[in-house]
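Good morning, and thank you for making time for this presentation.

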Amino acid sequence: MLPKGANLQKIHNGIKTYAITPHLPGGFIKPEMMEKFAHVARKYSGTLKLTSAQRIMITGLKAEDIDNIWSELGMEPAIGFANCVRSVKICPGTAFCKRGKQDSIKLGLELDRRYIKKEMPSRMKFGVSGCPNSCSEAIIKDIGVIGTDDGWDVYVGGTAGSHPRLADKLIAGLNYDDALRIVDVIVRYYQKNADIERVGQFIERIGLEKFKKEVLAEFENNGIADVSPKPFSAEEKLIPKPGGLTEGNLVFGDKISVDSVIADIIRVYPETVPVLRTFGMGCLGCPSSSGEALKQAADIHGINVEELVAALNKAAVRSDK
């Protein structure tokens, strides 16, 4: 199992080193907290790294030091679950930027307060930009909010990674309260209907027209769209789709092997998800999972692949019954 709130960063000559990434809403940090970061990094021979999610990673750490480091920082891990709202990236907006159209810090910090670390079908990222320059890269976030002279424009389904996708505009010209409300509708609709897939993959699967129609209907009527996706059945055959849920060819009834693709496994045998998490492979919605074989992922994580395959097949057999 991984140490509390840590990520395996590297395995060199059999030695594992880890990183922790404390949560810093909006990237704001007080001088006294910055001093704690520097003290801990120096004491435990770590290195500080600014991340793209506006946080400060401390990397190069030993597993046995992680608990003490969290205690000395007096902070909690940034990520509660592997598949959760991982970050809300915020630009300076009207508070600090001459080009700002809307107060991105106010909206972004409220979104952070409401959603950060909330469990989701897959990893989820927000971006809040105070003007169309979009310095927080809202257009490649699962939910992106961009300020204009007329209010907030909301985008959905963006992602970077190995299969980048620009977000689709969902609605435009919202005030502060309505922007928060539409985000809540999107999140609840995604939680209810999505598989282990990013928002963009979910939209590709059900279609943008359907997504927009049902989300906007709930937003405008204050009702909840009662829609369930068609479940996967044993008679169906998966068709590989780049950037989709699978790029392999595993079907129900097949044995899982070292060459099975991770996204394939969790799509065909969802009961294997807890097993993968137990082995420290919790980030099942990441871009790598759509094309990465078990052997490759196990090597990266320092896991005995044969033990992993045996445990996965045991879970798959139970699901067959």
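Let me begin with a term: a residue counts as buried when its relative accessible area is under 20%. By that criterion, 5 of the 6 residues of strand S4, residues 56-61, are buried, so this strand is largely enclosed by the rest of the structure. Please keep in mind throughout that we are looking at a predicted model.

The protein chain has 11 helices and 9 strands. Of its 321 residues, 50% are buried. If we take the contacts in the chain with a separation of 6 or more, 59% of them are between residues 24 or more positions apart.

I return to S4 and its surroundings. Which strands form a sheet with S4, and in what order? The sheet is open, with 4 strands in the order S1-S2-S4-S3, and its pairing is antiparallel. Its edge strands are S1, residues 6-12, and S3, each of which pairs on one side only. On average, neighbouring strands of this sheet are turned by 25 degrees against each other, direction ignored.

Consider the two partners of S4 in turn. Strand S2, residues 15-20, pairs with S4 in the antiparallel sense over 2 bridges. Here Tyr 18 has Leu 61 in S4 as its bridge partner. Strand S3, residues 47-50, is joined to S4 by 4 bridges, and these strands also run antiparallel. Within that pair, Thr 47 stands opposite Thr 59 in S4. S3 and S4 form a hairpin with 5 residues between them. In the turn, Gln 54 has a positive phi of about 65 degrees.

Helix H2, residues 66-73, lies across S1, S2 and S4, and runs at about 20 degrees to S2. Helix H10, residues 294-301, lies across S1 and S2, at about 90 degrees to S1.

I turn next to the other sheet. In what order do its strands stand? It is an open sheet of 5 strands, ordered S5-S6-S7-S8-S9, with mixed pairing. The edges are formed by S5, residues 85-90, and S9, residues 168-174, and each pairs on one side only. From one strand to the next, the twist averages 15 degrees. S5 pairs with strand S6, residues 124-129, in the parallel sense over 5 bridges.

Helix H5, residues 176-193, lies across S6, S7, S8 and S9, and runs at about 150 degrees to S9. Helix H7, residues 208-221, lies across S8 and S9, at about 30 degrees to S9.

H5 also has a helical neighbour. Two packed helices are described by the angle between their axes and the distance between the axes. For helix H4, residues 104-115, and H5, the angle is about 35 degrees and the axes are 11 Å apart. Their crossing is right-handed. Which residues of H4 meet H5? They are Lys 106, Leu 107, Glu 110, Leu 111, Arg 114 and Tyr 115. On the H5 side, they meet Tyr 176, Ala 179, Leu 180, Val 183, Asp 184 and Val 187. By class, this contact has 8 nonpolar residues, 4 charged residues and no polar ones.

Finally, let us examine the cysteines. A disulfide is a covalent bond between the sulfur atoms of two cysteines. How many disulfides does the structure hold? The number is 0.

Methods: Residues numbered from 1 in each chain as written. Predicted model: local features only at pLDDT ≥ 70, side-chain atom pairs only at ≥ 80, totals over all residues. Heavy atoms only, no water. Disulfide = S-S within 2.5 Å. Axes fitted to C-alpha atoms, helices over the stretch in contact; angles between N-to-C directions. Left-handed = near helix turned anticlockwise from the far one by under 90°. Contact = heavy atoms within 4.5 Å. Nonpolar A, V, L, I, M, F, W, Y, C, P; charged D, E, K, R; others polar. Pairing = 2+ DSSP bridges. Buried < 20%, exposed > 50% of the residue type's maximum accessible area, 1.4 Å probe, protein only.
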